[in-house]
Amino acid sequence: MTILLSAVLQLLPGRFMDVRMRASQDYDTRVVERPGRWMEPGELERLTEDLRLVASKTLKPGSLTYGVFSGDRKRLEQSIVTIVYRRGDGRPIAFNALAVMELSLAGKTHEVLHLGLVMVDPDERGRGLSWILYSLTCFLMFLRNQFRPIWISNVTQVPAVVGMVAEAFSNVFPGPHSGARHSLTHVLLARQIMARHRHVFGVGADAVFDEERFVISNAYTGGSDELKKSFQETAKHRIEAFNEFCQKQLDYGRGDDVLQIGQMNFQAARAFLANTVPRGSLAALAVAGAAATLQRLVLPVVHWADAQPPMEPFAAMDTITASRATLYATSSPCLMEPAHAV
């Protein structure tokens, strides 16, 4: 409970998030918001070295040239980094790097979160880290956003990821799943992401975006070339419909990606707590109880007390999230591999 209260206090508005928590018996987790804006140079360099150490276990040095690996300090001024450390020796074994972008919606500027590169030390895969590296950060930002819906976007060619996003979030398009709906809101968000933020997830200017299918053709020319895979090399989803969807919609020889857009809302957050977080975590159970209570008793008061008027038709678009991640989906907790994003 002490860990939970500490994490909640660090989510209060007006300060950058720096949450440390014991994720399990074997791992510690740190979530750091915009470290380039407030960390001392020495500490920031150590954080960067931790990212490089994890990447060195998966890719050749210099194979990625965008995002936090671009060499540009400003990337860490606009990033949220989640790092998992092995408790036995303190070694970093996995990370997720999110980029904070800005979009203009209805004449106002809003933060856009790009859920970027996910990497796991191959020796540590299969240890149930997916809920930490992906969903935990989304959930914390949902709390940070005062329980308002957060739009999410995911760019990938991996069937396992397409299925995971469709299952983990609400209002997701495209995909073969029930409820996939091509709306004007999805199109408007996709247009802005593709028009101004390709560099964030390593897609070159020559890549073409299909607004009907939400497919990016020739997507691996903007610094993410090493992440291109054949269909046979990609991790498959346990539901065959997602595998068939990717094989039909994407040209793997050319290097296509699918752009999915959806939401982290209260429904998705509750599903995360109920279905994804390990049952053995007392803190997770406490958060689940608090979330259910807040939804029933406090959420209407929080929204009523907010002085910011709603936006139409973007009333739920206070924060949009963009991601490109790759992970293996199995009947047990997902295993992750390098993603085409940062």
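Tutor: Which helix does helix 5 pass in a left-handed crossing?

Student: Helices (H or I, at least four residues) and strands (E, at least two) are DSSP runs, numbered from the N terminus. A crossing is left-handed if the near helix is turned anticlockwise from the far one by less than a right angle, and right-handed if clockwise. By that rule, the helix that helix 5 passes in a left-handed crossing is helix 9.

Tutor: Before we continue, note that this is a predicted model, in which local features need pLDDT of at least 70 and side-chain atom pairs count only at pLDDT 80 or more, while totals for chains, interfaces and linings use all residues. Residues are numbered from 1 along each chain as its sequence is written, and side-chain values use heavy atoms, with hydrogens and water left out.

Student: Which word describes the orientation of helix 5 to helix 9?

Tutor: Axes are lines fitted to C-alpha atoms, for helices over the stretch in contact, and angles run from 0 to 180 degrees between N-to-C directions. Helix 5 (residues 130-144) and helix 9 (residues 266-276) pack with axes 11 Å apart and an angle of about 140°. Angles under 35 degrees count as roughly parallel, over 145 as roughly antiparallel, 65 to 115 as roughly perpendicular and the rest as oblique. Helix 5 to helix 9 is therefore oblique.

Student: Which residues of helix 9 make the contact?

Tutor: Contact means heavy atoms within 4.5 Å. Helix 5 contributes W131, S135, L136, F139 and F142. On the side of helix 9, the residues are F266, A269, F272, L273 and T276.

Student: Is A269 buried or exposed?

Tutor: A269 is found in helix 9 and, leaving aside its neighbours within four places in sequence, is in contact with F139, F142 and M264. Buried means under 20% relative accessible area, exposed over 50% and partly exposed in between (1.4 Å probe, protein chains only). At 3% relative accessibility, A269 counts as buried.

Student: How many residues lie between strand 1 and strand 2 in their hairpin?

Tutor: Two strands pair if DSSP finds at least two bridges between them. Strand 1 (residues 18-22) and strand 2 (residues 27-33) run antiparallel and are joined by five bridges, with D18 opposite V32 in strand 2. The number of residues between the two strands of this hairpin is four.

Student: Which residue meets R30 in a salt bridge of 2.8 Å?

Tutor: A salt bridge is a side-chain nitrogen of Lys or Arg within 4 Å of a carboxyl oxygen of Asp or Glu. The 2.8 Å pair is formed by side chains and links strand 2 to strand 1, across twelve residues.

Student: How far apart in sequence are the parts tied together by D28 and R87?

Tutor: D28 and R87 form a salt bridge whose closest N and O atoms are 3.4 Å apart. D28 counts as partly exposed at 28% relative accessibility, and so does R87 at 35%. D28 lies in strand 2 and R87 in the loop between strand 3 (79-86) and strand 4 (92-105), so the parts tied together are separated in sequence by 59 residues.

Student: How many salt bridges does the structure hold?

Tutor: Some of them form a network, which links R86, D89, E124 and R127. The total for the structure is 13.

Student: Which residue does a cis peptide bond join to F173?

Tutor: Omega of this bond is about 0°. The residue in question lies in the loop between strand 7 (170-173) and helix 7 (184-196). The residue joined to F173 is P174.

Student: What is the phi of F214?

Tutor: F214 lies in the loop between strand 8 (208-210) and strand 9 (215-217) and is buried, with a relative accessible area of 0%. Its phi is positive in a residue other than glycine, with a value near 60°.
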